[in-house]
Amino acid sequence: MADAPLRVLVVDDEAPARRRLRELLDDCAGALPLVVVGEAAGGREALDLLHTVSADLLLTDIHMPEMSGLELARHVLKLPQPPVVIFTTAHDEYAVQAFEVNAVDYLMKPVRAQRLLAALEKVPRLKPIPAARLDQLPGATRRFLSVTERSRVVLVPVDEIVYLKAELKYITIRTAQREHLLEESLTRLEEEFAPRFVRVHRNCLVGRDFIRGFERRVGDGGDAHWEVLLRDVPETLPVSRRQQFIVREIGRESQ
Amino acid sequence: MLAVNALTAVAALVREPQFDLWAGQWLEMSALVEPYLIIEIAVLYVLAPWIARQAQPAGVLAVAAITLAIGLAVHALIGRLFPEPPLALLRHLLLALCVCVVLIGYFGLRARALSPAIAESRLQALQARIRPHFLFNSINAVLSLIRSDPKQAETALVDMADLFRVLMRDNRELVPLADEIELCRQYLALEKLRLTDRLNVEWHLNSMPADALVPPLVLQPLLENAVYHGIEPSAAPGVVSINIFYKGGEVHAILRNPYQAEGGRHHAGNKMALANIRERLQLHFDAEASLESRVRDAIYEVHIRMPYRPVKPAPAREAADDRAKPARDAGPALARGSTGAPHG
C-alpha cells in the first residue's frame with residue numbers, strides 16, 4: 001500500500017493561529033508526507049469544505065464563536081468518511097483534564113513542532129472519537145443538530161427548532177421551514193438542551209419559545225385534552241395526560 | 001491615616017443629626033445642632049490640610065478643641081436668641097465631645113482595618129487580571145508573526161513586556177490616567193493582532209484629563225472583559241468603545257462592548273473583575289468613586305466615576321513615575337490629538 005500523504009484541515013477562528021499551524025505543518029512535511037487541504041475560520045466553514053475535499057485529520061481549536069471545536073467533532077461524525085480530530089487549545093484546564101480522562105487527543109497552543117509531529121504520526125492508527133465520548137466533555141452542548149441528507153451534513157440551529165417528535169426509529173425535527181430526520185435519543189436531547197425544550201408528550205419535545213398557547217379539545221370519544229398551539233407552524237400537538245401540569249406551569253410564566 | 005482622621009471628623013458630624021433623631025425626644029435639639037454642625041464642617045474642611053499634617057494625638061486634640069470651641073460659640077450665639085438654663089451648655093458640650101471622640105475612634109479603627117486591605121489590594125489586583133487564555137493566545141499570535149513579519153513581532157513582544165511590567169509592579173499608588181490609557185492601547189494592540197478585523201476600537205478622549213490620578217489597572221481589566229465577553233464569542237466584527245471625560249470635578253470613564261447573551265462563557269470572571277475594581281476604587285476614593293454596569297440595547301456598558309485628583313507638580317516621585325506630567329495651573333490637562341475614529 002502506497003503511502004498517500006496525510007490530508008490535514010486546519011480550523012481556528014484566529015488567523016495568526018492558523019498561519020502558525022500551517023508553518024509548523026510545513027516543517028513536519030519533511031519527516032512525514034502531508035498536505036494541508038484547507039483552512040477554516042469556523043465549524044460551518046469547515047463542514048462546507050469537507051463536502052468538497054476529504055481530510056484524514058482535522059486540527060481544530062476548541063474555543064470558537066458560533067460552534068466550538070467539540071461540537072464540530074460531533075458533526076463530522078456524520079460524514080461518510082469522518083476524519084480523525086485533534087484539538088488545539090491555549091488554556092483550558094477543565095477541558096484538558098476531561099480530554100485526558102476520555103483519551104481524546106489535544107495539543108496545547110503554542111504548539112511545539114515535535115509534539116505536532118508525534119501526533120501526526122499516530123493519526124493513521126487513530127479512529128474518529130465516538131459521540132458518546134465527546135458527550136462527556138465539558139461545554140459540549142451543541143448549537144446545531146446535524147442530519148445527513150443526500151450524503152451532505154446539514155446543520156439545523158437548535159434555536160430554530162419548533163419541536164422534536166420521536167417516530168419509530170427516527171426523530172422528526174420541525175423548523176418553521178421544513179422537517180428533518182435525526183437518529184438520536186429524545187431523552188438525551190432533552191437532557192442536553194434543558195431547559196430549552198418542554199416535554200408535552202412521551203414522544204415529543206417542544207421549544208419553549210415557540211409555544212403560543214394551549215387549547216382544550218374534545219376528541220371523538222368525548223374525552224378532553226390540551227393541544228399546544230405553536231408559533232410559525234400551523235399544526236398543533238397533543239399534551240399527554242401525564243404532562244398536563246405544564247399547561248398550568250407555562251400559562252403562569254407567560255402572565 | 002491622619003487624613004482619614006480629618007475626614008472622619010467631617011463625616012462624623014454629618015452623621016450626628018441622625019444620632020439625635022434616634023433619640024426621639026431630642027428632636028428639638030437638632031434645630032440647635034444643625035447650625036453648629038454646618039459651622040464645624042466648614043471649619044474642619046478649611047483646616048483639614050493643616051490637621052492632616054499634625055501627628056496623630058495632636059490631630060485628634062485639635063479636632064476635639066475645634067468641636068468644643070464651636071460648641072461654645074454656637075451656644076453663646078443661641079443663648080442670645082433663646083434664654084437657656086446654664087446646665088444645657090455643659091450637657092451640650094459633653095455630648096458633642098463624646099460623639100466626636102467615639103466617631104474618631106470608630107474611623108481610626110476602620111482605617112486600621114482597611115490598611116492591610118490596601119496592601120492586599122495589590123495581590124488581589126494581580127489575581128484578577130490577565131487570563132492565562134490571553135497570555136498563551138498572544139504568545140501564539142506573536143509566534144505566527146516571527147517568520148512572516150519580524151518587525152511586527154518585535155513590536156508585539158515589546159508591548160507584551162510593557163504590559164507585564166505593569167502587571168507585576170507594586171500597584172498600590174495612583175498613576176496618571178495617561179499611563180493607564182497607554183497600557184490599554186498596548187493591550188488592545190495585542191488583541192487586535194490575533195482577532196484582526198473582528199476587533200474595532202473607538203477612542204473618545206478629547207476631553208480626558210490626562211493628568212488625573214487613577215488606581216492602576218482600573219481600565220485594562222475591563223477592556224479585557226470587553227474583548228473576552230463581547231468580541232471573542234462572535235464571528236462578526238464588534239466595537240469596543242472607550243469614552244473618558246472630565247465633568248464637574250469628576251473623571252468619568254464609560255466603556256462599551258456588544259453584549260453576547262449566549263456567549264456560553266461563564267460571567268463569573270467578569271463579576272469578579274468588577275468587584276475587584278470597585279473595591280480598589282473604594283480604597284482609594286471611598287464614596288467619591290463608583291462603578292456601575294448595565295446592559296442596554298444589546299450593549300454592555302461600564303461607567304466609572306472618580307474624583308479628579310491631578311498629578312502633583314512636586315517632582316519628588318519614584319523613578320517608575322517618570323512619565324507623570326506636572327499638572328497645569330488650572331483645570332484638567334486635556335489629552336490632545338485623540339480622535340473618535342476607529343483605531344487600527
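Biologist: Which residues meet where H1(A) touches H5(B)?

Modeller: The general idea is that two residues are in contact if their C-beta atoms, placed from the backbone, lie within 7 Å. On the H1(A) side you have Pro16(A), Ala17(A), Arg19(A) and Arg20(A), and they meet Asn140(B), Ala141(B), Leu143(B), Ser144(B) and Leu145(B) in H5(B). Split by class, that contact has 5 nonpolar, 2 polar and 2 charged residues. For the classes, Ala, Val, Leu, Ile, Met, Phe, Trp, Tyr, Cys and Pro are nonpolar, Asp, Glu, Lys and Arg are charged, and the others, Gly among them, are polar. Before we go on: this is a predicted model, where local features need pLDDT of at least 70 and side-chain atom pairs count only at pLDDT 80 or more, while totals for chains, interfaces and linings use all residues. Residues are numbered from 1 along each chain as its sequence is written, with chains lettered from A and ligands numbered from 1 in the order in which they are written.

Biologist: At what angle do H1 of chain A and H5 of chain B pack?

Modeller: An axis is a line fitted to C-alpha atoms, for helices over the stretch in contact, and the angle runs from 0 to 180 degrees between N-to-C directions. H1 (residues 15–29) of chain A and H5 (residues 132–146) of chain B pack at about 55°, and their axes are 8 Å apart. Under 35 degrees counts as roughly parallel, over 145 as roughly antiparallel, 65 to 115 as roughly perpendicular and the rest as oblique. H1(A) and H5(B) are therefore oblique to each other.

Biologist: How many residues of chain B are in contact with chain A?

Modeller: 20 residues of chain B touch 16 residues of chain A. On the chain B side, H5 and H7 (177–195) are the elements that give two or more residues, and H5(B) has the largest share with 10 residues. That side of chain B comes to 10 nonpolar, 7 polar and 3 charged residues.

Biologist: How do H2(A) and H3(A) cross?

Modeller: H2 (residues 43–52) and H3 (residues 69–76) of chain A have axes that come within 10 Å and cross at roughly 25°. They are therefore roughly parallel to each other, and their crossing is right-handed. Gly43(A), Ala46(A), Leu47(A) and Leu50(A) of H2(A) meet Glu71(A), Leu72(A), His75(A) and Val76(A) of H3(A). The class count for this contact is 5 nonpolar, 2 polar and 1 charged.

Biologist: Where do Pro110(A) and Pro195(A) lie?

Modeller: Most residues other than glycine have a negative phi, and most peptide bonds are trans. Pro110(A) is in the loop between S5 (106–108) and H5 (113–122) of chain A, and the bond from Lys109(A) to Pro110(A) is cis, with omega near -5°. Pro195(A) is in the loop between H7 (186–193) and S11 (197–201) of chain A; a cis bond with omega about 5° joins Ala194(A) to Pro195(A).

Biologist: Is Leu168(A) buried or exposed?

Modeller: Leu168(A) is exposed, with 6 other C-beta atoms within 10 Å. Its phi is positive, near 50°, and Leu168(A) lies in the loop between S8 (161–167) and S9 (170–175) of chain A. In chain B, look at Ala298(B), where phi is about 60°. Ala298(B) is in the loop between S6 (290–296) and S7 (299–307) of chain B and is exposed, with 9 other C-beta atoms within 10 Å.

Notes:
Helix = DSSP H or I, 4+ residues; strand = E, 2+ residues; numbered from the N terminus. Left-handed = near helix turned anticlockwise from the far one by under 90°. Buried ≥ 20, exposed ≤ 12 C-beta atoms within 10 Å, placed from the backbone.
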